[in-house]
Amino acid sequence: MNDNKEIIEKLYSSFSRLDWKGMQECYHRDAVFFDPVFENLNYDELVSMWKMLCSRAKDFNLVFSAVKADEEYGSCRWTATYLFSQTGRKVVNNVKSHFKFHEGLILEQMDDFNFWNWSRQALGTGGALLGWSSFLKNKVRSKAKSGLHHFMTKNNS
């Protein structure tokens with residue numbers, strides 16, 4: 001197994017244990033992160049995002065598979081099952097992650113998942129009816145980013 005594949009496996013093994021510090025060790029100090037909810041995060045924001053998500057997780061389970069990596073790029077699939085903290089609704093989110101590596105660590109991570117599918121599970125009827133719309137996407141993104149920055153301020157992250 002190559003070192004970059006091991007980094008991906010360490011990232012998701014740590015995540016499955018809700019070990020945000022173990023996850024943090026997988027990222028380069030110049031790392032950036034993108035997903036359909038948080039969009040563009042720098043290193044401090046992405047570490048705080050994982051810390052926030054791990055500390056708030058309820059009925060959490062994570063499985064990952066199809067880990068692939070070469071000297072520069074990698075990918076994997078993962079499924080997180082959890083209760084969404086704002087609504088208490090059960091979510092099963094299927095994600096495909098893409099990575100770029102530098103100096104043996106993750107430099108870029110881009111997670112892709114079906115926002116409408118996520119929103120109808122997390123938000124119920126409103127998500128089912130409006131999950132496709134830019135209005136709801138922007139509202140969720142704004143609330144997520146605001147919540148992250150509040151968490152960072154409160155936790156001096």
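User: In the protein chain, take contacts between residues at least 6 apart in sequence: what share joins residues at least 24 apart?
Analyst: That comes to 53% of those contacts. Keep in mind that this is a predicted model.

User: OK. How many helices and strands are there?
Analyst: The chain has 6 helices and 5 strands. Going along the sequence, they come in the pattern α-α-β-α-β-β-β-β-α-α-α.

User: And how compact is the chain next to a globular protein of that length?
Analyst: Its radius of gyration is 15 Å, close to the 15 Å that the globule rule gives for 157 residues, so the chain is as compact as a globular protein of that length. The C-alpha atoms fill a box of roughly 45 × 35 × 30 Å along the principal axes.

User: What fraction of the residues is buried?
Analyst: Buried residues are 41% of the 157. As for the accessible surface, it is about 8500 Å², and carbon and sulfur atoms hold 50% of that.

User: Switching to the strands: which way do β1 and β5 run, parallel or antiparallel?
Analyst: Parallel, with 4 bridges joining β1 (residues 27-34) to β5 (residues 105-112). In that pair, F34 sits opposite M110 of β5.

User: What about β4 and β5, parallel or antiparallel?
Analyst: Antiparallel, and 7 bridges join β4 (residues 90-102) to β5. Here K100 faces E108 in β5. The two strands make a hairpin with 2 residues between them, and E103 in the turn has a positive phi of about 55°.

User: Last one, charges: how many positive and negative side chains?
Analyst: There are 21 positive and 18 negative side chains, with the centres of the two sets 12 Å apart.

Methods: Residues numbered from 1 in each chain as written. Predicted model: local features only at pLDDT ≥ 70, side-chain atom pairs only at ≥ 80, totals over all residues. Heavy atoms only, no water. Pairing = 2+ DSSP bridges. Rg over C-alpha atoms; globule rule 2.2 N^0.38 Å. Buried < 20%, exposed > 50% of the residue type's maximum accessible area, 1.4 Å probe, protein only. Contact = heavy atoms within 4.5 Å. Areas by Shrake-Rupley, 256 points an atom, 1.4 Å probe, with all protein chains shown as cover. Lys, Arg positive; Asp, Glu negative; His and termini not counted. Charge placed at Lys NZ, Arg CZ, Asp CG, Glu CD.
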